[in-house]
Amino acid sequence: MAKLSLREFQEELARKLSDTAGGTSTRALLGLQSGGELWLIDLAESGEILPVPTLTPVPLATGWLRGVANVRGVLYAVSDLAAFQGGNPTVLTGDARLLLPHAKFGCNSALLVSRVLGLRAREDFEPAENAAPDPRPWVAGQFTDTQGRLWRRFDPRRLYTDERFLDVAA
């Protein structure tokens, strides 16, 4: 049942992407929440989104490495994005999701986020002119939406190659 629901979700996501972006993935963004922060990621850079499966703890690893997950026979190291950035650990509620990396990144590091907020159109955002510069290298920009909320543009390649992110030893 869960696989069928995931497949239906992905098909609906692809249909909406086609409808809202004129058939190109370069115009659509996926909204995510991690802790108290709102994030945007290009659909072309995001991988699969899953409900959180059973996580197997990893001894002697940092606290933000929540464990490993077996997704269809492939093991993924699951990193809590909020905790990695110094926030509170993500609570594993029904809204929590895993963001698997796009195949082009060649890594098996899934990100645990609080929830997925759905597709967003680029036209709904403007550069956040009054926002303080963000020192995190995976923040590729800051934007505000029509409601004045701050969103950060997520660059997964920069996160997946960050030395601190790669060092999971406690």
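This is a predicted model: local features need pLDDT of at least 70, side-chain atom pairs count only at pLDDT 80 or more; totals for chains, interfaces and linings use all residues.
A residue is called buried when its relative accessible area is under 20%, exposed when that value is over 50%, and partly exposed in between.

Let me start with the charged side chains. Side chains of opposite charge can pair when their charged atoms come close. A search of the whole structure finds 10 salt bridges, and I would like to walk you through some of them.

In one of these, the side chains of arginine 153 and aspartate 42 meet, with 2.3 Å from N to O. Arginine 153 belongs to strand β11, residues 150–154, while aspartate 42 belongs to strand β2, residues 37–42, so this pair ties together parts that are 111 residues apart in sequence.

Another salt bridge joins the side chains of arginine 66 and aspartate 80, at 2.7 Å from N to O. Here arginine 66 sits in strand β4, residues 65–71, and aspartate 80 in strand β5, residues 74–80, so the parts tied together are 14 residues apart in sequence. Arginine 66 is partly exposed, because its relative accessible area is 23%, whereas aspartate 80, with a value of 0%, is buried.

A further salt bridge is formed by arginine 158 and aspartate 155, whose side chains meet at 3.2 Å, again N to O. Arginine 158 has a relative accessible area of 41% and is therefore partly exposed, while aspartate 155, at 16%, counts as buried. There is also a network of salt bridges, which links Glu37, Asp134, Arg136 and Arg152.

Now let us go back to strand β2, where six of six residues are buried. In a regular strand the side chains alternate between the two faces of the sheet. On one side of β2 we find Glu37, Trp39 and Ile41, on the other Leu38, Leu40 and Asp42, and all of them are buried, which leaves both faces covered.

What does β2 pair with? Strand β1, residues 28–34, runs antiparallel to β2 and is joined to it by six bridges, with leucine 32 standing opposite tryptophan 39. The hairpin of β1 and β2 has two residues between the strands, and in it glycine 35 takes a positive phi near 60°. With β11, strand β2 pairs in the parallel sense over three bridges, and there the bridge partner of leucine 40 is arginine 153, the residue whose side chain also meets aspartate 42 in a salt bridge.

Key: Residues are numbered from 1 along each chain as its sequence is written. Side-chain values use heavy atoms; hydrogens and water are left out. A salt bridge is a side-chain nitrogen of Lys or Arg within 4 Å of a carboxyl oxygen of Asp or Glu. Helices (H or I, at least four residues) and strands (E, at least two) are DSSP runs, numbered from the N terminus. Buried means under 20% relative accessible area, exposed over 50%, partly exposed in between (1.4 Å probe, protein chains only). Two strands pair if DSSP finds at least two bridges between them.
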